[in-house]
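Me: Please take a close look at one helix in the model below, then relate it to the rest of the assembly. A plain account will do.

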Amino acid sequence: MSMSRARTRKRARMTVVFAGLAMLGVSVALALLAFEDNIVFFYGPTEIVEQGVEPGQNFRLGGLVKEDSVGLANDGVTNLFIVTDNNANVEVAFKGILPDLFREGQGIVALGALNNEGRFIASEVLAKHDENYMPPEAVEAMKRAGTWKHTQEEGN
Amino acid sequence: MFKAFLSLLKRDLVMGFRQSTDLYMILVFFVIAAALFPLGVGPDPAVLGRIASGVVWVLALLSILLSLDRIFAHDYEDGSLEVMLLGPQPFIILALAKTLAHWLSATLPLVILAPVIAIMLNMDMSGIPALMYGLLLGTPTLSLIGAVGAALALGARRAGLLMALLVLPLFIPVLIFGVTVIDAALNSFSIRPHLLILAALLAAAIPLAPWAAAAAVRQAVTNK
Amino acid sequence: MHKFANPTKFMKVANALFPVFCIGFIGLLSAGLYYSLLNSPEDYQQGHTVRIMYVHVPAAYMAVMIYAVMASCAASSLIWKHPLADLIARSSAPIGAAFTFLCLASGAFWGKPMWGTWWVWDARLTSVLIMFFLYMGYIALLNAFDDPQRGVKPAAILALVGVVNLPIIKFSVDWWNTLHQPASIIRLDGPTIDGGMLTPLYIMMGAFTLFYLMLLVIRLRAEFAAARIRTIRILGEG
């Protein structure tokens, strides 16, 4: 009697362990499925242009500052620039102080909304730093040697 | 084993509904707390609409927190847990049954009430289905994590406060994805990846949380 | 006292190593500070601000490592009921919490000039903040019971539950498009930090590790003293 009880107990425990492991497998599968789509801190210009986001909806826009696109508006305080992912472009207007790392070709993330003309009115602009740390001389040397590769330009 | 699961589920549900004033009080808390926001941040519909998704989710978290002591505390005090631990069934199954009973009796009413609150806070209609999907996938995870916190705090001084401290940080991932589901829907982006993550969190919590809760209950009962 | 027989031996070794930790820490810290503040290159984009990294990265590394130590000790205390493991976990928690705080604070000081904000709610920052809360919860749970021994097991279970957060911290920058930069040191194709910056970084990591070991020995001594006082008091009452 006690023998069979111990056996059922053991079998129940095995069932629980296998069911638990199966659930963990399901969890991993679901997470992998989710990561096939892009879960993002920000949306890129291509997504914005393709999705046709409504004016006034707040979201984060991420991309590279287009070369030779940075300027000031007529009021003298509003920064104007274009954010690109080398496919689509979004015009951005930002009234405020730009971070130190903000420069042309650099990755940025801006929080704001589109206005009726399709321009992105940013309330906050953040500069995204990449994982490369090196002295300026090393960058110069790599540029001369042609081995310099800016990770941001590979598209984020 | 399945029979034990069902009979414990039934017992906890019956006991829960017998003390239904507790459940009403939690629902009333949910509504009152939500009513504070228009009064606190001002009645501007645009502002309210923008914060509605976060407010509903945060209030749901807090309301769930209030009911967590129902999962184990009564059975701990009257000694029922000791009997359950001595039984032939793996306690992890019983912990799962108790958590499911908590979700059905204390959390599901909040989920059903949530769209009303969302409309009161002027959330855009396109966000309501996303809110419901998110809550339906997310709140069971909250009950499961909450069961771990409730089991860990058994027998502690100021158990309710301690539970909040332990459980709220663990709620954060569910909150994040629950809110991004709504934001994605409002901005007509795909809600699928966020819902998949919520489902993945749930699938991971179903085996792991009762396991941790069972371990915590076992040590609490043996060291009572 | 037979319960502490093994830990006594452990403490003998720890006490013997203690001066080594102290001297090593002072030596590495001086070298690390010299290199990181005076004798390492500026970054091509960040300028001198890159020097914050020499505190930030080692602090982050210590925060995660100490959590891992604490969780492994929690596991061995639950499985093998090793009293020493409890003491190490309990003594490590406040040190880990302090390193986590240092990591968050130094990150904010770097983020303000570089990103343009003190704080963003991206996956890396949020998951580290959750780890800070887990440290806090662990300490609170440990001290929440009238019987000081009663909190040991619940706290150990909580530490193990929190382990799910560690891979999230490590991989958050790869899984999500975060504002925080991706991994620079531990990556498949080797570090992306220039050698002139990597050396002071490693020295500072070594210094921080020795600092942890030093504090750990001090805290363990205090724990043993407290246990002895408890025993004496019980004997005196009995």
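At which residue of helix H3 of chain C does a kink of about 30° lie?

Reply: The model is a predicted one, and every value below is computed from it. The kink of about 30° in H3(C) lies at C:Ala93.

H3(C) covers residues 83-114, which is 32 residues. At 1.5 Å a residue, a helix with that number of residues should span 46 Å, and the end C-alpha atoms of H3(C) are 46 Å apart, so the two figures agree. After the helix comes C:Gly116, which has a positive phi, near 105°.

Chain B has a helix that can be described in the same terms. Helix H9 of chain B, residues 192-222, has a kink of about 40° at B:Ala205, shortly before the proline B:Pro207. Its 31 residues should span 45 Å at 1.5 Å a residue, and 45 Å is the distance between its end C-alpha atoms, so expectation and model agree here too. Of those 31 residues, 28 are buried, so H9(B) is largely enclosed by the rest of the structure.

One residue of H9(B) is B:Ala214. B:Ala214 has 21 C-beta neighbours inside 10 Å and therefore counts as buried, the threshold being 20 or more. Leaving out residues up to four places away in sequence, B:Ala214 touches B:Phe91, B:Ile92 and B:Ala95. B:Trp57, on the other hand, is 157 residues from B:Ala214 along the chain, and the C-alpha atoms of the two are separated by 28 Å.

The largest nonpolar core has 186 residues, and B:Val56, B:Ala151 and B:Val217 have the most contacts inside it. H9(B) gives the largest share of this core, 23 residues. Chain A takes part as well: its domain 1 (1-39) and domain 2 (45-154) both give residues to the core, so the core lies between these domains.

B:Val217 touches B:Phe72, B:Leu81, B:Phe91, B:Ala95, B:Ala151 and B:Leu154, again without residues up to four places away in sequence. B:Phe91 and B:Ala95 are also among the residues that B:Ala214 touches. B:Phe72 is one of the buried residues of helix H4 of chain B (residues 69-77); the others are B:Arg70, B:Ile71, B:Asp75 and B:Tyr76. H4(B) is followed by B:Gly79, with a positive phi, near 85°.

Back in chain C, contact with chain B involves 17 residues of chain C and 15 residues of chain B. On the chain C side, helix H4 (123-142) and helix H5 (152-161) each supply at least two residues. H4(C) provides the largest share of that side, eight residues. By class, the side of chain C that touches chain B has 12 nonpolar, two polar and three charged residues.

Chain A remains. It has three helices and six strands, in the sequence order α-α-β-β-β-β-β-β-α. Chain A has 156 residues, and buried residues make up 27% of them. Of the contacts in chain A between residues at least 6 apart in sequence, 46% join residues at least 24 apart.

Methods. Residues numbered from 1 in each chain as written. Chains lettered and ligands numbered in written order. Predicted model: local features only at pLDDT ≥ 70, side-chain atom pairs only at ≥ 80, totals over all residues. Core = buried A, V, L, I, M, F, W, Y, C linked by C-beta atoms within 7 Å. Buried ≥ 20, exposed ≤ 12 C-beta atoms within 10 Å, placed from the backbone. Helix = DSSP H or I, 4+ residues; strand = E, 2+ residues; numbered from the N terminus. Domains from an automatic or database assignment. Contact = placed C-beta atoms within 7 Å. Nonpolar A, V, L, I, M, F, W, Y, C, P; charged D, E, K, R; others polar. Expected span 1.5 Å × (residues − 1). Bend = angle between axes of the 7 residues up to and from the residue.
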